[in-house]
Amino acid sequence: FGCERLNLAPPTLTKAFSPDPIAVGGTSTLVFTLSHTNSVTLTGVTFSDFLPDGLQIASPSNLVNNCGGSVVTSTNAITLTGGTIPPNGSCTLSVNVVATTAGPHLNVTSFISTTETGPNTGSSGYGSDTLTALVPPEIEKTFIPNPIVSGTVSTLIFNIFNPNVGNELTGVAFTDNLPSGVVVADPPNASTSNCGTPTFSPAAGDTSISFSNGTIPPGGTCTIRVNVTAPAGVYANTTGPVTANITGGTDTASDTLTVRQPNPGLGLQKQIATSAIGPWREFVAVEPGASVYYRFVVENTGDITLTNVVVTDTVLGDLSSCSWVDGNGNSLTVPLTLPVAGADEGHIAYGICGPVTVQEGWHTNTATADSDQTNPITDTASYATVGLVLEKRATGPYMNAGDVVTYTYVVTNT
């Protein structure tokens, strides 16, 4: 018998999970294939498979044994004893397993053994395969900026995370039904980043946002952007669940957009100086025939852009020919467009006019600023010419020598 054993080829054992990968909580069928090339039947076939942490035998196990003998299963193990492999043939044994944790799960059997050959301790004598379990994507959303003013836009940003550091997620999809009143802006300025080649094409006026066929690399984040707008109000918004192939998904994301009524504001300051570079004041004293310069400071003090901003003056008239710059030093043309105050000084305009020849006397003139979004506002600046008149008077009586004479000096600022 011993000589006969030496002449027999050892049996082989392979194993495979299908499907692979699966979702955490999903089921895969584990198939063992037992083979040999001998012309005789091999009997007393034995092997065991102890599942790694994170895998367990499903319930029901749906065990299918084509190898005969006896199969014993527990939560994390399966053992065949007394099996039979036909001559020059093979047999299979299959059982369903469930993944309870994410990641790759390497699974290696014991060595296969038969009565006729003993154990096969070579590389073909055991089965090895890895089953990967995936977790579904996660989603976040936010409106930036928030709050906004009606008539302006907020960028709705979705971030979808792939928690699986070793596997990409495909077929990523979600839908966001916007709350009543919120629509995709015109233009939408829609974009995606690190999302593969998804289907995503929101149009102006859409009340729902749909994203599908996304691919997120292992451990990566897919970012989706689209501009939205709405009338004044408070809008709570929750997406539908984000899903992916294999894993499905249940995660949703919420944020609330606040939209305020617009509150436009326009400021005006008129100043005067004897030089084009100041110093600037509300009043200067000058000599007749000299020159003065006027400066007009116009500021957007509200929360929406101001358009068709114009400044007029009761003496100077149309001020479009004056030298205009914004607070950053950039040249401007009239009528002005003033943005909302931000990180720089672009919301302020400075206009300098002059020289203007001084006329004798006191002169106050008024400037008026107006825009499409505001009511007119005014401010004034003044100059006066300087002059002194000296009058000397004598009062008596002073008819005789020795009389006391009183002199009075009157100095008048004309």
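Author: A quick definition to start: two strands pair if DSSP finds at least two bridges between them. With that in hand, this predicted model has an open sheet of 3 strands in the order β15-β23-β22, with mixed pairing.

Reader: What makes β15 and β23 a pair?

Author: The cut-off is at least two bridges, and 2 bridges join β15 to β23 (residues 254-260). So the pair qualifies under that rule, and the two strands run parallel. Val149, for instance, has Arg260 in β23 as its bridge partner.

Reader: Why are β15 and β22 called edge strands?

Author: β15 (148-149) and β22 (233-238) each pair on one side only.

Reader: Let's move to the sheet of 4 strands. What is its strand order?

Author: The order is β24-β26-β31-β29, and the pairing is antiparallel. Here β24 (266-273) and β29 sit at the edges with a single partner strand each, so one side of each has no neighbour in the sheet. From one strand to the next, the twist averages 20°.

Reader: How do you know that β31 pairs with β26 and with β29?

Author: Bridge counts again. Strand β26 (residues 291-300) is joined to β31 by 8 bridges, and β29 is joined to β31 (residues 348-357) by 4. The rule asks for at least two, so both pairs count. Val297 has Tyr350 as its partner in β31, while Ser323 stands opposite Ile352.

Reader: Which residues of β29 are on the covered face?

Author: Trp324 and Asp326 are on the covered face, whereas Ser323 and Val325 are on the uncovered one. In a regular strand, side chains alternate between the two faces of the sheet.

Reader: Now the rings. Why is the pair of Phe32 and Phe47 called tilted?

Author: The ring centres are 5.0 Å apart and the planes are at 50°. Stacked needs under 30 degrees and edge-to-face over 60, so tilted is what remains. Phe32 lies in β3 and Phe47 in β4, so the pair ties together parts 15 residues apart in sequence. Both are buried.

Reader: And what makes Phe174 and Phe211 stacked?

Author: Their planes are 25° apart, with 5.8 Å centre to centre. Phe174 in β17 and Phe211 in β20 are 37 residues apart. Ring pairs also link them with Phe158 and Phe200 into a cluster.

Reader: Why does Tyr126 count as partly exposed?

Author: Its relative accessibility is 32%. Buried is under 20% and exposed over 50%, so Tyr126 falls in between.

Notes: Residues are numbered from 1 along each chain as its sequence is written. This is a predicted model: local features need pLDDT of at least 70, side-chain atom pairs count only at pLDDT 80 or more; totals for chains, interfaces and linings use all residues. Side-chain values use heavy atoms; hydrogens and water are left out. Buried means under 20% relative accessible area, exposed over 50%, partly exposed in between (1.4 Å probe, protein chains only). Axes are lines fitted to C-alpha atoms, for helices over the stretch in contact, and angles run from 0 to 180 degrees between N-to-C directions. Rings of Phe, Tyr and Trp (its six-membered ring) pair if their centres lie within 6.5 Å; planes under 30 degrees apart count as stacked, over 60 as edge-to-face and the rest as tilted.
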